[in-house]
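I opened this notebook to keep a record of what I looked up, entry by entry.

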Amino acid sequence: MTQYETVSTKIPAELKAKIRRHGINTSRVMRQALEREVARADAEELDRRLESIAPALNRINVEDVVAGIREDREKR
């Protein structure tokens, strides 16, 4: 079962009045915005990690890898 945590924020009264007037579901909007922000941060972290291993990946000879895979498959 999923556990939930409460997150709260303070906003200007004028903004809250507009949210009510438009019938905006603040929980849904905040959840979606936070999910997008977390996805963006995860993608940035992945980019940083890929950049750190890029030099090692660039040294890998793709043809050698393909040949190794084919050799392994033929042994089966």
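The entries below concern salt bridges and then a surface patch.

**Entry 1. The model.** I noted at the outset that this is a predicted model.

**Entry 2. Salt bridges.** I recalled that side chains of opposite charge can pair when their charged atoms come close. I then looked up the count, which comes to 4 salt bridges.

**Entry 3. Helix α1.** I found a salt bridge between glutamate 14 and lysine 18, whose closest N and O atoms are 3.6 Å apart. Both residues belong to helix α1, which covers residues 13-22. They lie 4 residues apart, about one turn of the helix. I also looked up how accessible each partner is. Glutamate 14 is exposed, because its relative accessible area is 56% and the cut-off for exposed is over 50%. Lysine 18 has 37% relative accessibility and therefore counts as partly exposed.

**Entry 4. Helix α2.** I turned to arginine 40, which forms a salt bridge with glutamate 44. The closest N and O atoms of this pair are 2.4 Å apart. Arginine 40 and glutamate 44 are 4 residues apart in helix α2, so about one helical turn separates them. Arginine 40 counts as partly exposed at 37% relative accessibility, and glutamate 44 counts as partly exposed at 37%.

**Entry 5. Helix α3.** I looked up lysine 75 and found that its side chain meets that of glutamate 71 in a salt bridge, at 3.5 Å from N to O. The two are 4 residues apart in helix α3, so they are separated by about one helical turn. Lysine 75 counts as exposed at 64% relative accessibility, whereas glutamate 71 is partly exposed, with a relative accessible area of 46%.

**Entry 6. The nonpolar patch.** Which residues make the nonpolar surface patch? I listed Leu46, Leu50, Ile53, Leu57, Ile60, Val65 and Ile69, which together form a patch of about 580 Å². Helices α2 (26-58) and α3 (62-75) each supply at least two of the patch residues. The most comes from α2, with 4 residues.

**Entry 7. Isoleucine 60.** Where is the place of isoleucine 60? I located isoleucine 60 in the loop between α2 and α3. Its relative accessible area is 44%, so I recorded isoleucine 60 as partly exposed. Patch residues need over 30% relative accessible area, and isoleucine 60, at 44%, is therefore above that cut-off.

Conventions:
Residues are numbered from 1 along each chain as its sequence is written. This is a predicted model: local features need pLDDT of at least 70, side-chain atom pairs count only at pLDDT 80 or more; totals for chains, interfaces and linings use all residues. Side-chain values use heavy atoms; hydrogens and water are left out. Patches are made of residues with over 30% relative accessible area and no salt bridge: like charges are joined within 9 Å, nonpolar side chains (Val, Leu, Ile, Met, Phe, Trp, Tyr) within 5 Å. Accessible areas come from the Shrake-Rupley method with a 1.4 Å probe; for residues, only the protein chains shown count as cover. Buried means under 20% relative accessible area, exposed over 50%, partly exposed in between (1.4 Å probe, protein chains only).
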